[in-house]
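Hi everyone, thanks for coming.

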Amino acid sequence: MMKVLGIETSCDETGIAIYDDQHGLLAEALYSQIALHADYGGVVPELASRDHVRRIIPLIQEVMAQAHCQSNDIDGIAYTAGPGLMGALMVGAAVGRTLAWTWQCPSIGVHHMEGHLLAPMLEEHTPEFPFLALLVSGGHTLLIDVQAIGQYKILGESLDDAVGEAFDKTAKMLGLDYPGGPAIAKLALKGVRNRYKFPRPMVNRPGLDMSFSGLKTFVLNTWTQSDQSEQTKADIAYAFEDAVVDTLSIKCKRALKETQHSRIVIAGGVSANEHLRTRLTKLAHDHSIEIFYPKLQFCTDNGAMIAYAGLQRLKAGEHDGKGFQTTPRWPLDQLQAPA
Ligand code: KG4
Ligand code: ZN
């Protein structure tokens, strides 16, 4: 039996959880800094680090109490070591390593995107390997051939803005709140279908790479040349979301064909998007493919996915060395399978 405390502090969410390899998720807590950054229209790194410092210990105490755990019940500590904001990562890494030292258990630095990728494993019905993964977050847009934990081949990625970033920037242009993804999705519900038709970037080119920054410019031009009414704003939100969802769906279809995988996993903040989930579920259905995604709270950043990913590696005997390392830029395909 193994219990792992997971710590996520890569961006604007302090996420803490305890995952047990026999009983699953025992407890989790999250503090979102959205309100703190709202006035700035995006995450301010220095403010993020300072707030993680304030929140992290009370959240760990809360989760330990919820799970009825004492320090000697914890067998390992997993913290996000990258990619992410340097100062924010260092808060989680410093606290995680210090706790591991005082509690005399091993610690491990987890790759944030491996956390997202494995988040569907927190559900009841979990995917078997191998599978195709679409990872869509604020910083990454990746299509990955997943053979096993740590065996990741990147098939395609965004050459410019990540999908989540495109949602956030588009929302900002339309005067919507941060984070932009949920704001656009909500407004799009009121949009008139097919009043606008935005381009599907790079779908006519072979390959699985993507690009979303042109779409953002398209939105800006459409918006500035419009009557700028509330209805127009909703119609643009709809057209933008539809273009993104359609593009991702076309690329997933192509990747499934190329890899011949019979399972697809979608994860990361943007996988919370209902329109995207519905479209990919239909695609999977039409091609007799199994689809898996995390429940909404585990699509966006959380401690549970870090505890889970860390546990898989700690169980295999992997742990931190003596050095202290956080890695703000860290390509996912540099990871290796646990021993
Ligand atoms: O995975 P995540 O919480 O953090 C990163 O690792 O980046 O992803 C955050 C991103 C933000 O860009 C946010 O706008 C987007 O996910 N997002 C959404 C939705 N919920 C969050 N995008 C579209 N629709 C949503 N419902
Ligand atoms: Zn994330």
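Before going on, a word on the ground rules. This is a predicted model, in which local features need pLDDT of at least 70, side-chain atom pairs count only at pLDDT 80 or more, and totals for chains, interfaces and linings use all residues. Residues are numbered from 1 along each chain as its sequence is written, chains are lettered from A and ligands numbered from 1 in the order in which they are written, and side-chain values use heavy atoms, with hydrogens and water left out.

Back to our lysine. Lys 233 sits in helix α8, residues 230–259. Helices (H or I, at least four residues) and strands (E, at least two) are DSSP runs, numbered from the N terminus. Is Lys 233 buried or exposed? Lys 233 counts as buried because its relative accessibility is 12%; buried means under 20% relative accessible area, exposed over 50%, and partly exposed in between, with a 1.4 Å probe and protein chains only.

Now, what does α8 pack on? Look for an open sheet of five strands in the order β8-β7-β6-β9-β10, with mixed pairing. Two strands pair if DSSP finds at least two bridges between them. At the edges are β8 (151–157) and β10 (290–292), each pairing on one side only. On average, neighbouring strands here are turned by 25 degrees against each other, direction ignored. Helix α8 packs on this sheet and touches β6, β7, β8 and β9 (263–267), and its direction makes about 155 degrees with that of β6. For such angles, axes are lines fitted to C-alpha atoms, for helices over the stretch in contact, and angles run from 0 to 180 degrees between N-to-C directions.

Within that sheet, β6 (residues 131–136) and β7 (residues 141–148) run antiparallel and are joined by six bridges. You can find Leu 134 opposite Leu 143 in β7. There is another helix to look for: α9, residues 274–286, lies across β6, β9 and β10 and runs at about 160 degrees to β10.

Let's move to the other sheet. This open sheet of five strands has the order β3-β2-β1-β4-β5, again with mixed pairing. Each of β3 (24–32) and β5 (107–111) stands at an edge with a single partner strand, so one side of each has no neighbour in the sheet.

β2 and β3 are antiparallel over eight bridges, and their hairpin has three residues between the strands.

Why is β2 described as largely enclosed by the rest of the structure? Because eight of the eight residues of β2 (residues 13–20) are buried. Glu 13, Gly 15, Ala 17 and Tyr 19 are buried on one side, and Thr 14, Ile 16, Ile 18 and Asp 20 on the other.

The chain splits into domain 1 (3–118 + 298–334) and domain 2 (129–293), with bounds from an automatic or database domain assignment. Their C-alpha centres lie 27 Å apart, and the contact takes 18 residues from domain 1 and 22 residues from domain 2.

Note on methods: Contact = heavy atoms within 4.5 Å.
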